[in-house]
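Q: Hi! Could you walk me through this one while I have it open?
A: Happy to, let's bring it up.

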Amino acid sequence: MQISGGKLEYGDKLEKSKKVSRIILIAIVLIFILIVAIICTILYIQKDILKIYVDGKAVSMEKRNNYN
């Protein structure tokens, strides 16, 4: 890798392709982790929102309907 005329030049194309490959691989891994985190967050929020409390205990909708 050399700097000439204010531009970064690679002496070897193999070195350039390795760096690009690493950057793409890191980007794919980060995107995958981000997608998993978003899905887990959505599921956690839905689980907490759908809780209904009867007499201080969390019950599901089916149990709540049996009390009526």
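Q: What share of the 68 residues is buried?
A: Buried residues account for 1% of the 68 in the protein. Do keep in mind that this is a predicted model.

Q: And what does the accessible surface come to?
A: About 6,500 Å² for the protein, and carbon and sulfur atoms hold 65% of that.

Q: Okay, which residues form the nonpolar patch on the surface?
A: Leu 25, Ile 26, Val 29, Leu 30, Phe 32, Ile 33 and Val 36.

Q: Let's pick Ile 26. Where is it found?
A: Ile 26 sits in helix H1, which covers residues 13-49.

Q: Why does Ile 26 count as exposed?
A: Because its relative accessibility is 52%, and the cut-off for exposed is over 50%.

Q: Switching topic: how many helices and strands are there?
A: The protein has 2 helices and 4 strands. Along the sequence they come in the pattern β-β-α-β-β-α.

Q: Now the confidence. What's the average pLDDT?
A: The average is 76, with 62% of the residues scoring at least 70.

Q: Where is confidence lowest, and where is it highest?
A: The lowest is helix H2, residues 61-67, with a mean of 52. The highest is H1, at 88.

Definitions and conventions. Residues numbered from 1 in each chain as written. Predicted model: local features only at pLDDT ≥ 70, side-chain atom pairs only at ≥ 80, totals over all residues. Heavy atoms only, no water. Patch = residues over 30% accessible without salt bridge, like charges linked within 9 Å, V, L, I, M, F, W, Y side chains within 5 Å. Areas by Shrake-Rupley, 256 points an atom, 1.4 Å probe, with all protein chains shown as cover. Salt bridge = Lys/Arg side-chain N within 4 Å of Asp/Glu carboxyl O. Buried < 20%, exposed > 50% of the residue type's maximum accessible area, 1.4 Å probe, protein only. pLDDT = per-residue confidence, 0-100.
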